[in-house]
Amino acid sequence: RYVPTSKHDIREARQQKFGGNLSLSYADPVMLVRGWKHHLFDEWGRPYLDAYNNVPHVGHAHPRIQAVAADQLKRINSNTRYLHPAQTAFADKILSKLPDHLQVCYFVNSGTEANELALRLARAHTGAKGMVTPDHGYHGNTTGAVDISAYKFNKPGGVGQSDWVELVEIADDYRGSFGRDDPMRARKFADLVDPAIASLQRKGHGVAGFIAETFPSVGGQIIPPKGYLAAVYAKIRAAGGVCIADEVQTGLGRLGAYYFGFEFQEVLPDIVVMGKPIGNGHPLGVLVTTREIAASFDNGIEFFSTFGGSTLSCRIGHEVLQIVDDENLQDNARQIGGQLMAGLKTLQAKYDYVGDVRGMGLFLGVELIRSDGSEAPEICAYVKNRMRDHRILIGSEGPKDNVLKIRPPLTIEAEDAAMIIEVLDHILGEVA
Ligand code: PMP
């Protein structure tokens, strides 16, 4: 039987064998067959700089991850119904990174599953159903997770908004209702939660909780003003709800100055959700909560996930967190992120269509605009594709898809950052 191997044939086979909404990046897609740290290699062995993928948190093909996975697969890969030291060791390692009030871990297989579980925990603990969440958020691909993901349910073809969900304006102080020149903007954005709470109460759903990506990513790499979450959390708690921090994109040192985004916001979430980077590519999701919330969920119905918390997953997750520490990757994110931010600021000063540059550590966004200040998705698509021609992978985000997203593995080095800025400068020059 003919087995396709050329890029063209693989692309055709993919179109035949998979659903049409399985998206593919770039006008000229890349086929990648190997990775090393923050470098990727195509079928011809050509190198690409990976300035986009956050899943390979400690780098593609890390030898310590290879070794620990191989070692565990040689021994046993089994579920949580048997005792194993890897499970408690992984829990201890995660808990050592979190505030003291978060004491109970649940291991699942993805960020989606962890958010789905967060929804169940919030409802079990409060007895209420309603959820408040910022517009344009994304929390996963299952029925429940889509219901709290405006990015999915609010699109043409989406399932629409459930009446137990209340959306609040995303706290975007570049383009939103309250700008950076307004010192009260954090409070004003937070006040938008009041009518959302009132509406849920009026409809009889009550308030089970509030869920937000600590720094909204698909919303456009937004850094909500400091004080925003503290004010929101106070309102949600006063209404009886629990506060869920989705740290899937922001956690584990990416932000440089902070291990988790909620530290910047100076809040103590009731539930923290982790995913993507925590397995470095191995499917793994983690939820951590308080003893009280865990007790409410422990209501006689067994909680079990066949693969969640497997011996293999736990050893890989533990190794990822250990590598972040051993290789000082959080500090590298701070340093290289600072270098990138400085470079991007010079590009903003040079090109009118760079409207905003924002981010923290290696979580960065560049908002591209037209001369009238409106969103410029066409420039964004051009730049992203031209960067790919120069073999640098970046992404795009935002409700209008006009925000360049730079979010590399934490191993990225100074000369890579210099190359990103140099090539971006060249391509932005082409746009002019
Ligand atoms: N939350 C956030 C903030 C995410 O970015 C994602 C994935 N993009 C998810 C949840 C869902 O995670 P997964 O795809 O692993 O289910």
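Reply: Gladly; here are your questions with the reasoning for each, and please keep in mind that this is a predicted model.

Me: Let's start with helix 13. What makes its span close to the expected one?

Reply: Helix 13 covers residues 329-350, which gives 22 residues.

Me: Why are some residues of helix 13 called buried?

Reply: A residue counts as buried if 20 or more other C-beta atoms lie within 10 Å of its own. L329, Q330, N332, A333, R334, I336, G337, L340 and L344 are the buried residues of helix 13, so each of them meets that cut-off. Their packing partners are helix 12 (311-326), strand 11 (354-360), strand 12 (363-368), strand 15 (403-406) and helix 15 (414-431).

Me: How do you know that domain 1 and domain 2 touch?

Reply: Contact requires C-beta atoms within 7 Å. By that test, 26 residues of domain 1 are in contact with 25 residues of domain 2, so the two domains do touch. On the domain 1 side, helix 13, strand 11, strand 12 and strand 15 each supply at least two residues. Helix 13 gives the largest share, five residues. The assignment puts 7-58 + 328-431 in domain 1 and 63-326 in domain 2, and their C-alpha centres lie 25 Å apart.

Me: What makes the largest nonpolar core a core, and which residues have the most contacts inside it?

Reply: Membership asks for buried nonpolar residues joined through C-beta atoms within 7 Å. The largest such set has 118 residues, and A118, I244, V273, V286 and L287 have the most contacts inside it. Helix 12 provides the largest share, seven residues, and at least three residues come from each of domain 1 and domain 2. V273 touches A118, I244 and L287, among others.

Me: Which residues come nearest to the ligand, and what classes make up the shell around it?

Reply: Of the 14 residues around the ligand, S110, G111, T112, G140 and V248 come nearest. The shell has two nonpolar, nine polar and three charged residues. Helix 4 (residues 111-126) supplies the largest share of the shell, three residues. G111 and V248 are also among the residues that V273 touches.

Technical notes: Residues are numbered from 1 along each chain as its sequence is written. This is a predicted model: local features need pLDDT of at least 70, side-chain atom pairs count only at pLDDT 80 or more; totals for chains, interfaces and linings use all residues. A residue is near a molecule or strand if its C-beta atom, placed from the backbone, lies within 6 Å of it. Helices (H or I, at least four residues) and strands (E, at least two) are DSSP runs, numbered from the N terminus. Ala, Val, Leu, Ile, Met, Phe, Trp, Tyr, Cys and Pro count as nonpolar, Asp, Glu, Lys and Arg as charged, and the others, Gly among them, as polar. The expected span of a helix is 1.5 Å times one less than its number of residues. A residue is buried if 20 or more other C-beta atoms lie within 10 Å of its own, exposed if 12 or fewer, and partly exposed in between; C-beta atoms are placed from the backbone. Domain bounds come from an automatic or database domain assignment. Lists of a residue's contacts leave out its neighbours within four places in sequence.
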